[in-house]
Amino acid sequence: MTDGTANETRDSGAASEDGSAIEGLESDLARELEQQSEIESFDPPEQFKAAAIWSDPSVYEEAERDPLAWWECQAEALDWAQRWETVLDDSNPPFYKWFLGGRLNASYNCLDRHVEAGRGDRVAYHWRGEGGEERDVTYAELHCDVQKLANVLKDRGISAGDVVGIYLPMIPEVVVAMLACARIGAPHNVVFGGFSPESVKERMEFSEAKALITVNRARRKGKAAPIKEPIDDLIGDVPSVETIIVIRNTDDDAPMTEGRDIWYHEAIASVDDECPAEPLDAEHPLFILYTSGSTAKPKGILHTTGGYLTGAAYTTKHVFDVKPDSDTYWCAADVGWVTGHSYIVYGPLLNGLTSVMWEGGPDYPSKDIWWEIAERYKATILYTAPTAIRAFMKWGADLPGKHDLSSLRLLGSVGEPINPKAWLWYRKVIGGERCPIVDTWWQTETGHIMISPLPGITSTKPGSAMRPLPGIAAEVVDERDGKPIEEGQGLLVLTRPWPGMLRTLYREEERFKETYFERFGSETYLVGDAARLDKDGDFWVIGRIDDVINVSGHRMSTAEIESAIVSHPRVAEAAAIGQNDEDTGQAVCAFVTLEGATSDGGDELMTEIREHVGTRIGKFARPKRLVWAADLPKTRSGKIMRRLLRDIAEGREVGDVTTLRDPDVMKDLEQKFGGEEA
Ligand code: PRX
C-alpha cells in the first residue's frame, strides 16, 4: 500500500451497524466523516512509523516459522528466578502448560527489577481523584507498600494458593493489593466495583476466598457510597473469609468486626517493610476473574503466572508501541475487568511505564474531564471502549476541542465492535488525524490482546481488528463442519495454544472443556464470537454467538439476568435478550411474566424489578427495557425461544413459529412490544 494516510474504496463493510450517533454532529464534521467513510484503510503515519519499535512486517513470518521460539523470545523479556526447561507441554490438551520448570514472581517483575535498576523514582501512576486530588505514586512507593501489605497478609495466615478477594474502587491501593497477593502467591479474585455486594459474596463463596480487601466507602459522582456496611450484611455467610482488610478511603467510619476486620492504614503502620518476592512455578495461579458465560453461574477464569505475564508484557509493548522513558499511557478502563488487569496493572508495570489512573467516570465532574486529564498529564496513549467514544461523539467535538490533546500519539479501542463512524471520529477529533488506532480484540479468557493492528506496520480499516498478532493463530470456520473459511462469515476460533490462555475454569474442569473445546476438539478454542474475513484476510468481529450480551463492553449472561429477575417474589418467569443500542452497543431487554392473574405490573413494579436486578448483580445489569408478557414463546418441550423475542425487539419479521406450543403468544407480544415502543 502506498504511503499517505488514506486508501480508498472500501468494500469490507462495517463490523456492526453504524449507530445514528453521527446525527447531531456538527454538520461540517459530519460531512467530512461521511466522505472519509469511503476510505478503505489508513496507513501508519510516516512519523509514527519512523519511530515505531516494529515497522517491518517480517515479524509475522518470523513468528510463524517457529511459534515456540517466538514465545520463548517474548518470555525472555521477563526476569526469571529460574529458566524454564519445557516451553510448552501439550501432552494433555486442552490443559496446556507453558514454561515448565521456570520460576518467577509477578510482583518482582512489576516492581523490584525497576527499583533495582535505579528507576524507583519513576511515577507508576499519576492518580487523579474525583474531587480533583492528585497523587503521583512511584515504583519505589508501590514496592514499599506492596511488601508491607504482603506481610500483613502473611501475618493473617494467608499463604501461596489461598484466594484473596479484592473489591476496590480505582485507587492506587487496588494495585498494591493485587501485587501484594502476587508477591506471596495468593491468587487474587478482583470483583469490579460496579458489582453488588451480593455478587461479591457469590464470588467469594465460589472461590472460597480466605480474605477480602475493600474500602469503607467509595466515591461516586460526588457522593460517598458505603461499601463495608453492605458487605458486612452478607459476608458473614461466607465462613472461608477470615480476614477483611479495610482501606479508609473517605473520612467516614465503618463497622469493624473484632478479630476479623482490620484497617489497612493501621496494619501497614506496624509491619515490616521487607517481604522478598517468592519465586513461584510458571504455572502457579496468578488470579481468578469471574466473567459471564451462557449460564447463570459466572465462570472463574484462571490465569497463571509465566504465560500470562509473557503475553501481557509482549502485547503492551508492541500493540501500544510503548516507550517507557517518554510515554504517559492511559488505559481508561476499570481494574475490575480484565482490561484493567492486563493493561492498567500488569502490562504497563512490566514495561516500566508511567500511567494515568482516573478514579471516576467520563462525565463527572464535567463531560470534558477526560480531556482535561489527558492535557494535564500529557497522555501519549489512550485506550478506551467504543461505548465511551460514542458518548463523546454525542456530547460534541467542542469539548475535546477546548483542550490541548497534541501529546496523544496512539489510540486504542477494546471491548466491543467499533462502528466505523465512531472510529473515524476518534481518529479525527481525539487523534488529530495523526494517531494510529488499534482496535484490539480479546477476552477475559485469552488474557491479553489477540487480534489487533500493529501501529507501525498495519494499514488499518475502520471497524476491523485486522490480524492475529505474531504468534497467535486464529481462523474463521464454517458453523456446520468447522472447516476454515477464506472469505465470509463464520465462527471465530483460535487454533494454537498461546502462553496467556486461561488454564481452566476454577474448580470446573468439565465446564472448561465443554465450553471451549467440545465443539471442534481439544486443540481448537471456541471463542464464542462470530466473525467475518474479508477479501484481504482481515478479521471483522461481529459479536457473541451464545447467550452473552455486551452492554458498553460489560459482559453479562442472559441467564444471570433472568435468574435475578425471577428471584423477585412477584415474578413467575423471565427471558432476557440483548437488543442493539446506539449508545451501549447492546442493551438488556427483559420479557417478564408475573405470578397470578395480572400480566401488567405497572410502572412502579417495573422500577422495583430493575432495582432488584441492580441489587442482585450490579446497576449496569438493570434492563433498559422491561416488557410485561402474559406468556413467553416456548417450544413443546418448554424451552423459551429467545430467537423470536430478538426478532420482535429488533423489529424484524418474526421467524418460524411452527414449533411453538402456542403460536398466539407471539401475536400478543408483538402487539405489546409495538405498544411499549410507542
Ligand atoms: O465479543 C467480544 C467482545 O468482548 C468479548 C470479551 O469480553 P470480556 O471477556 O469481558 O473482555 C473484554 C475486554 C477484552 C469478546 O468475546 N470484544 C472485545 N474486544 C472486541 C470485541 N468485539 C469486537 N471488537 C473488539 N475489539
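Start at the ligand and select Glu 416: one of its polar backbone atoms sits 3.4 Å from a nitrogen atom of the ligand. Next pick Pro 417, where a backbone N or O atom lies 3.5 Å from a ligand nitrogen. Then click on Thr 444, whose side chain brings an N or O atom to 2.6 Å from an oxygen atom of the ligand. How much of the ligand does the protein bury? On its own the ligand exposes 540 Å², and the protein buries 96% of that (areas by the Shrake-Rupley method with a 1.4 Å probe; for residues, only the protein chains shown count as cover).

A quick word on what you're looking at: this is a predicted model, in which local features need pLDDT of at least 70 and side-chain atom pairs count only at pLDDT 80 or more, while totals for chains, interfaces and linings use all residues. Residues are numbered from 1 along each chain as its sequence is written, and side-chain values use heavy atoms, with hydrogens and water left out.

**Around the ligand**

Now show the whole shell: 17 residues surround the ligand, and the closest are Asp 439, Thr 440, Thr 444, Asp 529 and Arg 555 (a residue is near a molecule or strand if one of its heavy atoms lies within 4 Å of it). Colour the shell by type and you get 6 nonpolar, 6 polar and 5 charged residues (Ala, Val, Leu, Ile, Met, Phe, Trp, Tyr, Cys and Pro count as nonpolar, Asp, Glu, Lys and Arg as charged, and the others, Gly among them, as polar). Helix H12 (338-350), strand E22 (437-440) and strand E27 (539-544) each give at least two residues to this shell (helices, H or I with at least four residues, and strands, E with at least two, are DSSP runs numbered from the N terminus).

Select Thr 291, in strand E16 (residues 285-291). Thr 291 counts as buried at 7% relative accessibility (buried means under 20% relative accessible area, exposed over 50%, partly exposed in between, with a 1.4 Å probe and protein chains only). Its side chain makes a polar contact of 3.4 Å with the side chain of Arg 555 (a polar contact is a pair of N or O atoms within 3.5 Å; within protein, one must be able to donate a hydrogen and the other to accept it, and residues adjacent in sequence count only if both atoms are side-chain atoms). Not counting residues up to four places away in sequence, Thr 291 touches several residues, including Thr 444, Glu 445 and Arg 555 (contact means heavy atoms within 4.5 Å).

Tyr 506 comes next, in the loop between strand E25 (504-505) and helix H17 (509-517). Is Tyr 506 buried or exposed? Its relative accessible area is 19%, so Tyr 506 is buried. Leaving aside neighbours within four places in sequence, its contacts include Val 163, Phe 206 and Tyr 290.

Jump to helix H1 (residues 27-36) and highlight its buried residues, Leu 29, Ala 30, Leu 33 and Gln 36. Look down the axis of H1: these residues fall within an arc of 125°, so they line one face of the helix (the arc is that of the directions from the helix axis to the C-beta atoms).

Compare helix H18 (residues 558-566): 7 of its 9 residues are buried, so H18 is largely enclosed by the rest of the structure.

In helix H5 (residues 106-119), select Asp 112. Asp 112 is buried, at 6% relative accessible area, and its side chain has a polar contact of 3.1 Å with that of His 143.

Finish with the backbone. Go to Pro 93 and Pro 94, joined by a cis peptide bond with omega about 5°. Another cis peptide bond joins Tyr 364 and Pro 365, with omega about 0°.

Last stop: Phe 99, in strand E4, has a phi near 55°, a positive value in a residue other than glycine. Phe 99 is buried, with a relative accessible area of 0%. Glu 433 also has a positive phi, near 65°, but counts as partly exposed at 31% relative accessibility.
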